[in-house]
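Please look over the chain shown below before reading the report that follows.

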Amino acid sequence: MATGKGDTWLKACDACEDLSREIMELIMKRNQFQRNTSGYAQLNAQARLSIQQFNRDLITLKEDLKKSSSSYFVTQREVERRQRLLEKLESKQRQMELIFSEQTTGYGEGRTALLGGQFNQTLEIACGTEETEETKDLTVDDIRQYQQQAIKEQDEGLEGLSNIITRQKHMAYHIGNELDLHNEIIEDITDHSDVTRERLIKETRHVTTVDRKSNTCCYWVFIVILLIPITVIPII
């Protein structure tokens, strides 16, 4: 399963999801037989092989997604969405392996595996621990459903947390864009300020030059006025 054009990766992910459902059906059918029967052994072998295939497909999906991400084959947002799909498949993987191994360890050990070893009756006597009222009257199947519900709630919580992180990332991205825009505006204002300052300096120099020329003109006019009487008196 290598990624290629179109939705090859997504199709492979859907196939892996379908395989997980098939494995669960095999395990449920297997559990209807006694462990020492041929039907149980046959279905157990099929389920084991299917789980191995599921694990290989999951590893391939992870590798293909990593390659696509590093080569910019898909967008970052799509990579994050596909990563969440992988996390769901990994959760199903743990669930399948737990349920598959539960029937091969016996009732007491399966109950211990499902509940972390706290509710095995033998351990209750040896260690003095007591099973909680919440699970005291539950069967292994009930405990399995209880655990599946807890895993589902955890997955939903993780998905919600992932969505929050994604939204925060998008907010940070937009804030960065706004800061870049503001920096560009500030740079434009600085450039305009420099141009305006240069024009102001130039105009100041021009005014100074005009003022200087104006004063020189006044001096010449005054000199001409003084020369007029001087030139007129000899003539008289």
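## R94 on helix α3

R94 is exposed, with a relative accessible area of 51%, where exposed means over 50% relative accessible area, buried under 20% and partly exposed in between, with a 1.4 Å probe and protein chains only. The residue is placed in helix α3, and its C-alpha lies 9.9 Å from that of I151, although R94 and I151 are 57 residues apart in sequence.

This is a predicted model, in which local features need pLDDT of at least 70 and side-chain atom pairs count only at pLDDT 80 or more, while totals for chains, interfaces and linings use all residues. Residues are numbered from 1 along each chain as its sequence is written, and side-chain values use heavy atoms, with hydrogens and water left out.

## Overall fold

The protein chain holds six helices and zero strands, these being DSSP runs (H or I, at least four residues, for helices; E, at least two, for strands) numbered from the N terminus. Of the 236 residues in the protein chain, 26% are buried. Among contacts (heavy atoms within 4.5 Å) between residues at least 6 apart in sequence, 73% join residues at least 24 apart.

In soluble globular proteins, nonpolar side chains tend to be buried together.

Leaving out residues up to four places away in sequence, L89 touches C13, C16, E17, F54, L58 and L61.

## T166 on helix α6

T166 is placed in helix α6 (residues 140-235) and is buried, with a relative accessible area of 13%. The side chain of T166 reaches the backbone oxygen of S162 at 2.8 Å. Apart from neighbours within four places in sequence, T166 is in contact with E80 and R84.

## The largest pocket

The largest pocket has a volume of about 380 Å³, taken as the space filled by probe spheres set on grid points that are joined across faces, edges and corners. A pocket here is an open set of points on a 1 Å grid over the protein atoms alone, where a 1.4 Å probe fits, with protein on both sides within 12 Å along at least five of seven lines, and lining residues have an atom within 4 Å of a point.

The lining consists of 16 residues, of which K88, S91, I151, K152 and D155 lie nearest the centre of the pocket, and the elements that give two or more residues to this lining are α3 (76-102) and α6. By class, the lining has two nonpolar, four polar and 10 charged residues, with Ala, Val, Leu, Ile, Met, Phe, Trp, Tyr, Cys and Pro counted as nonpolar, Asp, Glu, Lys and Arg as charged, and the others, Gly among them, as polar.

Key. Polar contact = N/O pair within 3.5 Å; in protein donor to acceptor, adjacent residues only side chain to side chain.
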